[in-house]
Amino acid sequence: MQEKGTISIHTENIFPIIKKFLYSDHEIFLRELVSNAVDATQKIKRLAQLGQYSGELGDTTIEVAFDKDKKTITITDKGLGMTAEEIKKYINQIAFSGATEFVEKFKDAKDANEIIGKFGLGFYSAFMVAKTVEINTLSYQEGAQPARWTCDGSTEFEISEGDRKERGTEITLHINEDSEEFLDKWKLQGILDKYAKFLPVPIKFGTKTESVEDGVDDKGEKKWKSVEVDNIINTTSPIWTKSPSDLKDEDYLAFYKELYPMSEDPLFWIHLNVDYPFNLTGVLYFPKVKNDFEFQKNKIKLFSRQVFITDEVKDIVPEFLMLLHGVIDSPDIPLNVSRSFLQADGNVKKINNYITKKVADKLGELFKKDRKVYEEKWNDIGLFVKYGMISEDKFAEKGKDFTLLKNTKGELFTLPEYKEKVSAIQTDKEGNTIYLYATDADKQDAFIQSAGKKDYDVLLMDSPIDSHFIQHLETKEEKTQLKRVDADVVDKLIQKEDNYENLLTEEQSNKVKEIFEKAINSQTYSVAVEGLSPEELPVTVTMDEFMRRMKDMAQMGGGMSFYGAMPDNYKVAINGNHPVIDKVLKAESEEDQTRLAKQAFDLALLSQGLLKGKDLTEFVKRSVELI
Ligand code: ADP
């Protein structure tokens, strides 16, 4: 039997096009061929189970090998094999139709990148690294003849009688000159580790040396010897394929260590397991993260039937859960399509919602079950929860119940609890409840103390996500505003009817303003004399909440460069009711007035950590003189 033929595709020269555009992903040829070998092995096992194959299954280990001299890589399986007819059908027609489709799409695509990389080319991907591919196979069917197929990547192929004695398929790649880097043990081992580490059929790649016991010596001590054993590169039943009831905490922790050897233990995990309306398994871990969340992204690995696909799960996992670690395995995620298609895919949306729901349920359950333990973990999980509240409405609905607010005393409250706590005294004359917050408890201490004197509570919002979370709270919580505790003098933070009257006359106030403007002598500060409690500081320096937020956002790159470019602008509130101001007014000389005013102003700066360098030195000198 010898036959030559032409592969039925209409596009000539597919190979050079694919080769050119799949450049960065050449290594996936091994994933594709090993996956085919696994499929063929699982099929024969199924046939045996169904009683449609009565021969011996035998050892079904798949073998990957290479020969540096012959410049070949071979993948051998003991799967169901193919007859010559099947090769014609499955390889010549089906496998190559994938390639044709690729080229068809490529022709119309505006952006070639869109379709590259994620396009599973299956068997044909072998031609990315091989000049000739050979299939040597024997079908499981009774009386089947071995068959050999060779093809050089053009549309010409050749089928002849093969010489394989054992059931299964051997694929030999004659590696092309540009791809000789793949003829290397560590290179291949690396690719197998990446894609095949959890495949369900054992895969052998060469051998390795192991120490085994070898009886005892004269002194009765154990003897060891080195032996060569098969190097099996995969774990065939990773934990996500098992039932949660068969697993202990140690198993989850060990698997985590296997995936991320350098990481601290995770906080907790969620075992995902659904089979309707889509199929998905996996384990997601909540890692310990603090602030550097950008750095931690892309730690979820996506598998399809235990074949590693990618660790870019951007469109499959909701954005806020990109911080999680772990694995997701779903054959229902379409892999051979472009990004934009993936986002629109119904299954992907459902999967996204499912994961969001599972995570929300888990958090809710932890909170309900043991609030104390949950609170202890809040520092670590707060970031996820806040991120989720901001970015996912579905999550926010459930998250209301287990989102916590922390005040500067370290106490934690749920959202309704907090509203209840502060609404009585922190509601202004318009009926808005004002939540006060500090972003730096040390720097803003003077303001926190003043607020405390009025029995106001101050939240601590010191993580990078908090500036967004604050806005979220304002839009979601009814009639609620958030103000940074140093946004104004304490009496003005929450505007009530009963504010103090300024006891200075208009003339006196103008005089005080003049003295301070002269003493401060800077455009950065605008001075106002106000009637505040005599208990308050004589001078307070604040930055308007709105202006500060805009500047913060400009700094974070929020596209508000206009605000970023504005000079800092502070408000200086002079407490007209404070005895010190009276003293300034009554000072003997103009010089003394300026000196006292400057001293009071510097004190205000000092309490906010704004007094630095030469000004600080001068302040110390002046203080000594005044004593
Ligand atoms: P896919 O695996 O997505 O169907 P491929 O191009 O990888 O596409 O393979 C085409 C077909 O060739 C497979 O569906 C299978 O029927 C057959 N095939 C490929 N490799 C093997 C193998 N090692 N053993 C048996 N059949 C195979």
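How many bridges join strand β17 to β19? Strand β17 (residues 433-438) is joined to β19 by 5 bridges, and the two run parallel. Here are some friendly notes to read alongside the structure.

1. **What you are looking at.** This is a predicted model, in which local features need pLDDT of at least 70, side-chain atom pairs count only at pLDDT 80 or more, and totals for chains, interfaces and linings use all residues. Residues are numbered from 1 along each chain as its sequence is written, and side-chain values use heavy atoms, with hydrogens and water left out.

2. **The chain as a whole.** The protein chain has 21 helices and 22 strands; these are DSSP runs numbered from the N terminus, with helices being H or I of at least four residues and strands E of at least two. Of the 627 residues, 49% are buried. Here, buried means under 20% relative accessible area, exposed means over 50%, and partly exposed is in between (1.4 Å probe, protein chains only). The chain exposes about 31900 Å², and carbon and sulfur atoms supply 48% of that area. Such areas come from the Shrake-Rupley method with a 1.4 Å probe, and for residues only the protein chains shown count as cover. Among contacts (heavy atoms within 4.5 Å) with a separation of 6 or more, 70% are between residues 24 or more positions apart.

3. **A parallel sheet.** Let us return to the opening strands. An open sheet is formed by 3 strands in the order β18-β17-β19, with parallel pairing. Two strands pair if DSSP finds at least two bridges between them. The edges are β18 (458-460) and β19 (480-484); each has a single partner strand, so one side of each is left without a neighbour in the sheet. From one strand to the next, the twist averages 40 degrees.

4. Axes are lines fitted to C-alpha atoms, for helices over the stretch in contact, and angles run from 0 to 180 degrees between N-to-C directions.

5. **A covered strand.** Now try strand β11 (residues 280-286), where 7 of its 7 residues are buried. L280, G282, L284 and F286 point one way, while T281, V283 and Y285 point the other way. Strand β10 (residues 268-274) pairs with β11 in the antiparallel sense over 7 bridges, and a hairpin of 5 residues joins the two. One of the bridge pairs is N273 with T281 in β11. Strand β14 (residues 325-329) is also antiparallel to β11, with 5 bridges; there, G282 stands opposite I328.

6. **Salt bridges.** A salt bridge is a side-chain nitrogen of Lys or Arg within 4 Å of a carboxyl oxygen of Asp or Glu. The whole structure has 29 of them. K257 and D265 meet at 3.4 Å, N to O; K257 is partly exposed at 37%, and D265 is partly exposed at 41%. In helix α16 (residues 506-520), E517 and K513 lie 4 residues apart, about one turn of the helix, with their closest N and O atoms 3.4 Å apart. Elsewhere, E63, K204 and D230 are linked in a network of salt bridges.

7. Helix α21 gives the most, with 3 residues. From helix α20 comes L606, which is partly exposed at 36%.
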